[in-house]
Amino acid sequence: MGFRLAVIGAGWSGLAAALEALALGAEVTLFEMAPAAGGRARDLNAGSDDGLDNGQHICIGAYSETLRLMATVGVAEGDAFLRLPLRLVDARGLGLRLPSGQAMPAFIRGALGRRGWSWRERFALLRAAAGWVGSGFACPPATTVADLTARLPEAVRRELIEPLCVAALNTPAEAASGSVFLRVLHDALAAGKGASDLLLPRQGLSALLPRPALARLEAAGVRIRLAQRVERIERIEPAAATRLGWQVDGDAFDAVVVAASTVEAARLVAPHDPAWAARAAALRYEPIVTVYARSAGTRLPEPMLLLPTEDGRPAQFVFDRGQLGGPAGLLAFVISGAETWVGRGLAATEAATLAQARAELAPYLAGPLEALRTIVEKRATFRCTPRLDRPPAAVAPGLAVAGDYVDGPYPATLEGAVRSGTAAARSLLSPRGS
């Protein structure tokens, strides 16, 4: 009998763990409490062509593990994403546009060519970036992004740093970790050609990984148990078995990867490591709100536009889903770090977003703008603050946790989730010589 591994959770980290374990020769059983795989990054309505996901996600060219994993299940990058040199521009065409090529030279050229900023503002950004490079993209652990960028001109902070921070960390700059922000910049600017490129999904999120991953796992004989919540995991004492192992709801396994939400992970791990469960339960979260709206015949000048948020306007970005494989005229407005707006209620958030859209996008709206659906992910990501005490991946011999929230250098991103799942599987199988 081969090495038996249970993976609890079929989000992106759980799928990564299951695929890696399969590649390393394990016999895998995959549990998922929801009726579909994908976790927080999946189609909203399975089998529908309405173009709605349970949130708008973007990737960047530096997401090497995500792209590698997608390739292993037969997903071609060109089919899955629209790849563009990084551009953070508004409806007036003002903003940062990076040309193609090596990331750091492209950033310098993009900053120097940034329309709407004075030369003083452009050179201030470049001086700050040079300082970050010189420091090895490191800063004191208590530093916030606001601290890190306090000497930059106000326009640079408002029009670049703040939207970039909330997009990458889903945490406002005044509370966000400067160290993690610099890690994101390092991967985007120092990882070679194309690392800073935007990868905008042109298919539903479930088509990027969840559906093809499940198909690959099922074809390989992996036992897949959807819509089944795991109630408990128990340790098998050495005297009761030929080798140390675990039981998942009574079924025996050699090892377990818990790739569930922090709530579920803390519940399952608590009997075995109460301190780990307490650390997981102590994490705080930031919501993300996505307002889907439709304006017949509308095509924005870019598939992704930056929106100003002064004067209480909620959304930081709008995506033209019609340019990304979805129905023409479908727009997705994203509100990151949305705790304040969630507190105001769904109706107020939706109304404010539509008013913002009509004001900012008026020259491009070909027809009336109407709301279709508003998605609120109240626990979208952990609040990425300085010195955050994230729980480790290792819990006990044969028991590991995977997820974008476990200890590591990345914020809560798809890349962080994938890397965590892959690492968890490797850690459990490494004693077997993997």
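## A three-stranded sheet

In what order do the strands of the open sheet of 3 strands stand? The order is S3-S7-S4, and the pairing is antiparallel. This comes from a predicted model. Strands of a sheet pair through backbone hydrogen bonds, in either a parallel or an antiparallel way.

Strand S3 covers residues 59–60, and strand S4 covers 81–84. Both stand at the edges of the sheet. Each has a single partner strand, so one side of each has no neighbour in the sheet. Strand S7 spans residues 198–201 and pairs with S3 over 2 bridges, in the antiparallel sense. Look at Cys59: its bridge partner in S7 is Leu199.

Now to the charged side chains. Side chains of opposite charge can pair when their charged atoms come close. The structure holds 25 salt bridges.

One of them joins Arg87 to Glu302, with the closest N and O atoms 2.7 Å apart. Arg87 sits in strand S5 (residues 87–89), while Glu302 sits in the loop between strand S13 (285–294) and strand S14 (304–306).

Is Glu302 buried or exposed? Glu302 is buried, because its relative accessible area is 8% and the buried class lies under 20%. Arg87 has 21% relative accessibility, so Arg87 counts as partly exposed. Arg97 is partly exposed too, at 38%.

## A helix tied to a loop

Which residue forms a salt bridge with Glu264? The partner is Arg229, and the closest N and O atoms lie 2.8 Å apart. Glu264 is in helix H11 (residues 262–269). Arg229 is in the loop between strand S8 (223–225) and strand S9 (233–236).

Glu264 is buried, with a relative accessible area of 10%. Arg229 has 36% relative accessibility and counts as partly exposed.

## A network of charges

Salt bridges can also be followed through a group of residues. Which residues are linked in a network of salt bridges? They are Arg114, Glu154, Arg158, Glu159 and Glu310. Find these residues in the structure above and trace the network.

Methods
Residues are numbered from 1 along each chain as its sequence is written. This is a predicted model: local features need pLDDT of at least 70, side-chain atom pairs count only at pLDDT 80 or more; totals for chains, interfaces and linings use all residues. Side-chain values use heavy atoms; hydrogens and water are left out. A salt bridge is a side-chain nitrogen of Lys or Arg within 4 Å of a carboxyl oxygen of Asp or Glu. Helices (H or I, at least four residues) and strands (E, at least two) are DSSP runs, numbered from the N terminus. Buried means under 20% relative accessible area, exposed over 50%, partly exposed in between (1.4 Å probe, protein chains only). Two strands pair if DSSP finds at least two bridges between them.
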